[in-house]
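Open the model in your viewer and keep the selection panel at hand. The tour goes from the whole chain to single side chains.

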Amino acid sequence: MALSDAHLRYLFAISNAAAATPDVSSRQIASALGVTKPSVVHILNILMRDGMVVKRHYGKIYLTDRGAFTVNSVSYTHLRAHETDSYL
């Protein structure tokens, strides 16, 4: 399934939060994105189904290798697109 912009925002929020602390909570994601916890739970269920994140005991959320690869790929593609635009 293709990821929407909303799904990617959640992946980036998880990635950014994990850079500061390895144990990411849904509360951190909700705060970072300015959304409710039920919204986070809904998107996390989709991301878990797609193998992008795992949710461990006590609700700690981690990117899977697939999720990290997606974040890095999108970041690289986005960066390259901006570099190309600057040369036009």
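Start with the cartoon view. From the N terminus on, the elements run α-α-α-β-β-α. That comes to four helices and two strands. Helices (H or I, at least four residues) and strands (E, at least two) are DSSP runs, numbered from the N terminus. This is a predicted model: local features need pLDDT of at least 70, side-chain atom pairs count only at pLDDT 80 or more, and totals for chains, interfaces and linings use all residues. Residues are numbered from 1 along each chain as its sequence is written, and side-chain values use heavy atoms, with hydrogens and water left out.

**Whole chain**

The accessible surface of the protein is about 5,800 Å². Carbon and sulfur atoms hold 57% of this surface. The areas come from the Shrake-Rupley method with a 1.4 Å probe; for residues, only the protein chains shown count as cover. Of the 88 residues, 30% are buried. Buried means under 20% relative accessible area, exposed over 50%, and partly exposed in between (1.4 Å probe, protein chains only). Now consider contacts, meaning heavy atoms within 4.5 Å. Among contacts with a separation of 6 or more, 50% join residues 24 or more positions apart.

**The core**

Select Leu11, Ile29, Leu44, Leu47 and Val53. These residues have the most contacts inside the largest nonpolar core, which has 18 residues. Such a core is a set of buried Ala, Val, Leu, Ile, Met, Phe, Trp, Tyr and Cys residues joined through side-chain atoms within 4.5 Å. Helix H1 (5-20), helix H2 (26-33) and helix H3 (37-49) each supply at least two of its residues. H1 gives the most, with six. In soluble globular proteins, nonpolar side chains tend to be buried together.

Center on Leu44. What does Leu44 touch, not counting residues up to four places away in sequence? Its partners are Ile14, Ser26, Ile29, Val53 and Ile61.

**Helix H2**

Look down the axis of H2. Ser26, Ile29 and Ala30 are its buried residues. Just after H2, select Gly34, which takes a positive phi of about 70°.

Go to His7, which lies in helix H1. Is His7 buried or exposed? It counts as buried, at 7% relative accessibility. A polar atom of the His7 side chain lies 3.1 Å from the backbone nitrogen of Ser4.

Next, pick Ile46 in helix H3. Ile46 counts as buried because its relative accessibility is 16%.

**The salt bridge**

Finish with Arg49 and Asp50. They form a salt bridge, with the closest N and O atoms 3.2 Å apart. The rule asks for a side-chain nitrogen of Lys or Arg within 4 Å of a carboxyl oxygen of Asp or Glu. By this rule the count is one. Asp50 is buried, at 12% relative accessibility, whereas Arg49 is exposed, at 55%. Side chains of opposite charge can pair when their charged atoms come close.

Notes. Polar contact = N/O pair within 3.5 Å; in protein donor to acceptor, adjacent residues only side chain to side chain.
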